[in-house]
Amino acid sequence: MTVAPSRSNPLPHYPQIHQALQASLQQAQQANAERLVSLSFPLPMVDPLAVLLTYPQPHHRQCYFESPSRGQAIAAWDALICEHFSGRDRFATARQAIAQWQPRIQAIPQRPEGPYFFCSFSFFDTVATAIGGFAPATVLLTRWQVVRQKQRCVLIANVLIRPHSRLAPLARAIAEQVSQLQRFAPSARLLESHWGRDAVSWQPQLARPEGQQFQQKVTSTLAAIHRHDLQKQVVAQAFDVTRTHPFRRDIALPRLRSRYPDCYIFSFSGEGDSHFIGASPERLLSIRQGRLVTDALAGSAPRGTTPERDRDIGQQLLKNPKEQQEHQLVLDFIVNHLEAEGLHPCYSTPPGLLRLSNIQHLHTPICAEVSPQTSPLRLVECLHPTPAVAGVPMAAACDRIQQEETCDRGLYAAPLGWIDPAGNSEFIVGIRSALIQKNQARLFAGAGIVADSDPAQELAEIQLKLQALAEALG
Ligand SMILES: C=C(O[C@@H]1C=C(C(=O)O)C=C[C@H]1O)C(=O)O
């Protein structure tokens with residue numbers, strides 16, 4: 001049935017949308033069950049971050065995930081499905097929660113990717129207090145998703161159709177959103193004004209007690225390593241900052257993306273205007289069309305102030321046995337865990353360098369083919385936490401982290417990302433991150449400690465790592 005545009009419905013897309021929903025309504029009525037309809041509409045080139053900073057209401061749950069150098073970005077807002085889980089089975093429960101939607105999703109038109117189920121996990125399977133309202137596991141499907149893949153942009157509108165749904169208001173809301181976004185492109189320029197403001201007005205006072213606490217934890221970790229309790233532990237420190245004026249994502253996120261184009265820039269909202277934001281260089285996994293890529297990333301050094309100095313520092317990093325050991329432990333863990341899942345990981349040795357604007361790391365990308373039956377969340381579960389953020393052996397390192405770190409890690413160093421019904425997926429490790437809530441910020445940074453680590457050098461390393469967020473938030 002075609003619904004002709006009426007005088008009261010002059011929206012150009014309304015008739016087609018209504019018609020598409022009508023077909024789903026019939027299916028919902030026949031099956032007497034909900035259907036999840038996921039409609040996509042081409043958009044002119046828009047900046048998903050600019051959209052995110054414009055449309056969502058303050059109470060809307062929202063996620064933003066961008067890889068500037070790959071030309072991929074998703075802005076998602078307004079929860080349609082939002083579920084929280086905790087405990088040991090949180091990955092499996094989140095997986096089941098998404099899987100039960102799979103047979104009920106109808107994508108119109110058919111497309112290779114999406115809709116995107118965003119997932120955030122905390123580092124541990126329980127959280128001390130639900131800081132910022134972030135549960136140990138959250139699965140979020142939003143009504144609106146603006147996606148950019150290189151030079152193509154789409155709006156994905158997700159809607160639940162129940163046997164008794166009234167279609168007209170649903171179709172009108174979608175048609176309005178499409179029309180608004182198709183006219184949105186010029187306002188993307190808004191963000192450029194923030195890119196110009198690169199001056200750093202605030203630096204966290206890293207010499208404060210947190211810096212001393214960190215060095216003490218490194219010293220006690222070294223003692224544990226020398227007692228052979230463990231081989232490696234990542235010691236992390238939270239830095240709390242309160243100031244008179246609010247921390248602003250509309251300033252921080254554009255800055256992070258222009259300064260760290262090789263990182264994943266992200267923002268996940270919690271409760272009470274809290275947001276977990278960051279620029280992570282570490283990919284836990286990406287799966288597209290059956291090809292998995294993950295990163296072993298560990299071993300760090302500063303950038304040099306001249307190209308020659310920079311090259312020298314990079315060469316020293318590549319040859320440094322202590323950094324090589326830190327890196328090898330991560331590589332071995334990832335390879336062993338992927339093999340235990342029946343995969344055949346491929347990588348080249350020795351590691352290369354990943355150079356970010358403030359720091360450089362030893363880096364080994366690892367690839368594997370995965371079957372369509374492989375659940376991305378099962379792989380996320382088996383990879384988290386790698387020794388890049390926990391240690392070796394993992395259980396001993398995690399016990400010490402829980403005993404020694406006075407501040408709950410929350411989402412810091414934990415898996416954040418999305419999966420879609422076709423098994424595509426992208427998860428990062430939530431490092432180089434901060435939890436911001438109005439005028440309060442909690443910044444996190446950590447460093448891998450092995451037998452030859454030096455507490456003062458490790459403090460200098462976490463100061464470098466904090467720089468990304470500190471400058472962006474300033
Ligand atoms: C733990 C962090 O970073 C991790 C630790 C690294 C190291 O110790 O060399 C390097 C990259 C990350 O895997 C962090 O940034 O907080």
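Helices (H or I, at least four residues) and strands (E, at least two) are DSSP runs here, numbered from the N terminus. Residues are counted from 1 along each chain as its sequence is written. What you're looking at is a predicted model, so local features need pLDDT of at least 70 and side-chain atom pairs count only at pLDDT 80 or more, while totals for chains, interfaces and linings use all residues.

Let's start with the ligand. A residue is near it if its C-beta atom, placed from the backbone, lies within 6 Å. On that basis 18 residues surround the ligand, and the closest are S300, A388, I431, G446 and G448. Strands β12 (291-302) and β19 (440-449) each supply at least two residues of this shell. The shell has nine nonpolar residues (Ala, Val, Leu, Ile, Met, Phe, Trp, Tyr, Cys and Pro), four charged ones (Asp, Glu, Lys and Arg) and five polar ones (the others, Gly among them).

Most residues other than glycine have a negative phi, and most peptide bonds are trans. R432, though, has a positive phi near 50°. R432 sits in the loop between β17 (425-429) and β18 (433-437). It counts as buried (20 or more other C-beta atoms within 10 Å of its own, all placed from the backbone; 12 or fewer is exposed, in between is partly exposed), because 32 lie within that distance.

D78, in strand β3 (residues 72-85), also isn't a glycine, yet its phi is positive, about 75°. With 17 C-beta neighbours inside 10 Å, D78 is partly exposed.

Finally, a cis peptide bond joins T349 and P350, with omega about -10°. P350 lies in the loop between α9 (321-340) and β13 (352-355).
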